[in-house]
Amino acid sequence: MQFGPIARMAASIALLSFMDAIIKGMHASYPTLQIVFLRFACGSIVASCVFAAMRPGWPSRDTVIANAMRSVVAVLTAIAFFYALGELPLAETLVLSFLAPMFIAFLGLVLLKERIDGRIVGALVVGFGGTLIVVFGQTGEAGAVRSWSGVAAALLSAITYAFSIVLLRQRAQRDKFIHIVFFQAVGPMILSAPFAFYVWQPLDWTDLGWFLTMGSLGVAGHMLMASAYAKAPAARLAPLEYTALIWAALIGYGVFSEVPTWATLGGGALIVVAAAITSRR
């Protein structure tokens with residue numbers, strides 16, 4: 001039964017969406033590279049505690065090498081996406097990142113030899129149609145203030161994120177998920193550290209709790225995601241990425257008093273349909 005992986009994937013997207021909102025809020029005080037480092041540093045603390053509690057044993061040499069390579073892709077994705085969050089509205093950044101499921105399905109077909117049936121293709125098309133409604137609904141208002149460097153960063157993050165997810169699907173069938181999550185936090189922390197210290201701004205210690213929350217949400221979200229991809233094909237889970245827009249609208253309304261537009265509501269309805277299609281056997 002595929003309900004388990006789908007439920008875990010949907011929950012992971014919800015947690016990571018809240019993490020994205022906190023990241024966007026931190027951009028008012030800190031540069032992108034510092035946020036990237038602190039997100040993964042705090043995530044490493046949480047992941048190390050979980051690792052110690054679970055005692056999964058030492059990873060194999062193959063696991064270390066493969067996940068170290070994936071860490072490079074993960075840090076590139078984080079830098080591009082975090083920069084886009086600082087330049088664009090949360091919903092617009094997520095809309096542009098919704099190209100990722102298309103790349104996930106394509107790379108899953110090419111690299112993992114996964115089959116894509118007509119229902120999955122239909123879910124991808126319906127979900128992406130929902131993102132187009134949001135884009136066209138926002139173009140007139142957002143066009144004058146749109147950051148094209150932010151748009152480019154969001155698109156780059158969609159490509160690298162898709163590649164990272166396909167690599168996750170590949171390793172999730174071989175490695176323990178806690179090993180994957182541990183390297184997902186520690187690897188990017190190490191890689192981003194030199195760049196973060198170069199642009200470092202004094203840390204307001206009252207923000208430390210937010211960064212720890214950010215790290216905790218990231219670890220929990222990736223634990224759920226890794227366990228989901230260990231049990232279900234990439235193409236089946238990819239359309240659930242679209243549910244992030246629903247969370248963006250809810251967070252925007254609840255935290256920032258932003259009332260969703262008709263375009264967000266209409267596009268969100270199609271996104272829910274896409275998720276429902278892919279969740280059925």
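Q: What makes helix α4 (residues 90-97) mostly covered?
A: Seven of the eight residues of helix α4 are buried, a term for under 20% relative accessible area, with exposed meaning over 50% and partly exposed in between (1.4 Å probe, protein chains only). The buried residues of α4 are L90, E92, T93, L94, V95, L96 and S97. The model is predicted, with pLDDT of at least 70 needed for local features and 80 or more for side-chain atom pairs, while totals for chains, interfaces and linings use all residues. Residues are numbered from 1 along each chain as its sequence is written, and side-chain values use heavy atoms, without hydrogens and water.

Q: How many helices and strands does the chain hold?
A: The chain has twelve helices and zero strands. Helices are DSSP runs of H or I with at least four residues, strands are runs of E with at least two, and both are numbered from the N terminus. Of the 281 residues in the chain, 51% are buried.

Q: Why is A41 called buried?
A: The relative accessibility of A41 is 14%, which falls under the limit, so A41 counts as buried.

Q: Is R55 buried or exposed, and how do you know?
A: R55 has 73% relative accessibility and therefore counts as exposed. R55 is located in the loop between α2 and α3 (61-87) and has a positive phi of about 50° although it is not a glycine. Most residues other than glycine have a negative phi.

Q: Why is the pair F182 and F183 called edge-to-face?
A: The ring centres of F182 and F183 are 5.8 Å apart and their planes stand at 80°, so the pair is edge-to-face. Rings of Phe, Tyr and Trp (its six-membered ring) pair if their centres lie within 6.5 Å, and planes under 30 degrees apart are stacked, over 60 edge-to-face and the rest tilted. F183 has 15% relative accessibility and so counts as buried. The structure holds seven aromatic pairs, and one aromatic cluster is formed by F37, F197 and W200.

Q: Which residues touch the most other members of the largest nonpolar core?
A: They are M9, F82, F211, M225, Y229 and L237, in a core of 63 residues. A nonpolar core joins buried Ala, Val, Leu, Ile, Met, Phe, Trp, Tyr and Cys residues through side-chain atoms within 4.5 Å. Beyond its neighbours within four places in sequence, M225 is in contact (heavy atoms within 4.5 Å) with residues including M9, L16 and Y161.

Q: How do you know that S227 is buried?
A: Its relative accessible area is 16%, under the cut-off, so S227 is buried. S227 lies in helix α9 (residues 208-229). Neighbours within four places in sequence aside, S227 is in contact with R8 and F177.
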